[in-house]
Amino acid sequence: MRRTGALALLGAIAHGSLAASESLPRGVGPEFVKFYESKTTFTCIGNPSITLKASQVNDNSCDCPDGSDEPGTAACANIDPLSPEQPLPGSVTGTTNTTAALPGFWCANAGHIGSYLPFMYVNDGVCDYELCCDGSDEYAHAGGVRCENRCDSIGKEYRRLEEQRRENKERSAKKRRTLVKEARELRRQVEVKIANLKTEVRGLDAKKAELQSKFEEVERSERGKVVKSEGQGGKLGVLVGLAKNRVNELRNTLDKVMDQRDDLQDKVDQLEDILTKLKEEYNPNFNDEGVKVAVKAWEDYAAGQAGEAKGDFADADVMEVLKEDSETSGINWAEFETGEASDVDVVYNWEAYLPAPVRDYVHQKLNLLRVWAIENGILADNPTSTGESRLVTAAREALDSAKNAHAVKLGQLEEEQRELEKDYGPDDVFRALKGKCVSGEAGEYDYELCWFDKTTQKSRKGHGSTNMGNFVRIDKEFVDEEERLDGKGLGKGQRLVLRYENGQGCWNGPNRRTDVYLGCAETDEVWRTVEAEKCVYRMEVGSPAACEDVQEPGVQTKDEL
Ligand code: MAN
């Protein structure tokens, strides 16, 4: 079996190629026929100054520096591009340091596909069916080898596989067309969303502007009103303010009295301890009248204390009284401070009883008058920062919420616009895959690719999962890999590569990243994942989205009709 790499280098020539005719020297490929037509002489292809006799062609002696006089033997094999590095040590002819004019020995392979075989394999005693199914490379039967022509069966199998590949390609292309259709619909939906959001944003723009001018107008017109301060709001409001202050004062005083009481109790306890000790430790035999009187007095005091009912109020009750007033304890002052119209509000509210057009007119006129009075120093202006009227507050809050709603919608609009402009590959096809994931196992891990989101490594031993990168962009790269029989490979050519970067940090290294190479397949599938270098992963993934559309030119699909 020969090096399969030779396949790539030689390249197959199309079906139905011109087979070397009887009169042509052996091994001449169709595109070189013109150099070998003369019956008398031969001119070296790469060295036209050298002309040989026709009999020197294929005489098993390398006469042309480019090897073109030996298209059908291995005599010039050492200048074959697949030969070892040149010039070979000890090369006698000195012709080895040249470029070969011919790509190899031409096997016509009738019934299959003609191809070139490296000269060094001509008559080497091995049948090279991979490239030379007709066995013509072993025409000299070196070592008694006879290579039968197998082109019929090899060609048949090849065509069967080709047909299978073509059908697969067609099915994949069909799936791709479906994906493109889905992507188009998704794009349309985003466009509709954008249009709607634009309308909403315009509406909110207008509303914001309207509320802005309303707020400014209200603020201007309210400047003339009596402004609230704590406890205002008519007589009741004033009373509430005073009562709240008074209660706070009493609470503070009670707090201080409780502290004093606790200090005094400590002192009493200390004195009682001293007297108890005196009673227990004095010597009654010393007839000290003063001590005896003191002890007797202490005993009377102690007896009286024991009989006395404790008139103490419970400390818990006092603590309850000392607690700050709030919604849940004491008095909820807020109930009295808000919700009640001020005397001034009442005056203003009389307008509400007027018919609407009159009310607006009167309100406007009065306000204008009031503003005029303020502006001309007749009425006092009231700083809004300390006591904003409820009307102004309401107008400001309405404006703020319109501003917020506007900002939120604008954010959504910008996000959708970004989404629309995102690169989803040729024909926008990958838009249809967004949000979907596909996974496959390798070694001790499951590897998951979430399209346009992230790649993840999941331990099958239950050690959790690791982010291997977040999607950044689509690139293209040229790959050159052998075709695989199961079709699950990248093959050769320009391939789309999805870059996922900035994943979880690698111990003592950079953040993990993944290059996702895409190949054409009928279904989404992770073919293989390898850790090319530490924490740098390479995934090979098949997807119909990565296929070329093999639709014949001029043939319209049902969708397009
Ligand atoms: C984990 C896995 C490996 C990686 C090492 C780096 O074991 O994510 O793929 O090489 O961490 O420490």
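Tutor: A polar contact is a pair of N or O atoms within 3.5 Å; inside protein, one of the two must be able to donate a hydrogen and the other to accept it, and residues adjacent in sequence count only if both atoms belong to side chains. This is a predicted model, in which local features need pLDDT of at least 70 and side-chain atom pairs pLDDT 80 or more, while totals for chains, interfaces and linings use all residues. Residues are numbered from 1 along each chain as its sequence is written, and side-chain values use heavy atoms, without hydrogens and water.

Student: How far does a polar side-chain atom of Tyr537 lie from an oxygen atom of the ligand?

Tutor: The distance is 2.8 Å. For the side chain of Arg512, an N or O atom is 2.9 Å from a ligand oxygen, and for that of Glu531 the value is 2.6 Å.

Student: Which residues are around the ligand?

Tutor: A residue is near a molecule if one of its heavy atoms lies within 4 Å of it. Here they are Tyr445, Gln457, Cys506, Arg512, Glu531, Lys534, Cys535 and Tyr537.

Student: Where does the charged end of Arg26 sit?

Tutor: A charge sits over a ring if NZ of Lys or CZ of Arg is within 6 Å of the ring centre and within 35 degrees of the ring normal. The charged end of Arg26 sits over the ring of Tyr139, 3.6 Å from its centre, and Arg538 lies over the face of Tyr517, at 3.9 Å from the ring centre.

Student: Are Phe452 and Phe471 buried or exposed?

Tutor: Buried means under 20% relative accessible area, exposed over 50% and partly exposed in between, with a 1.4 Å probe and protein chains only. Both Phe452 and Phe471 are buried.
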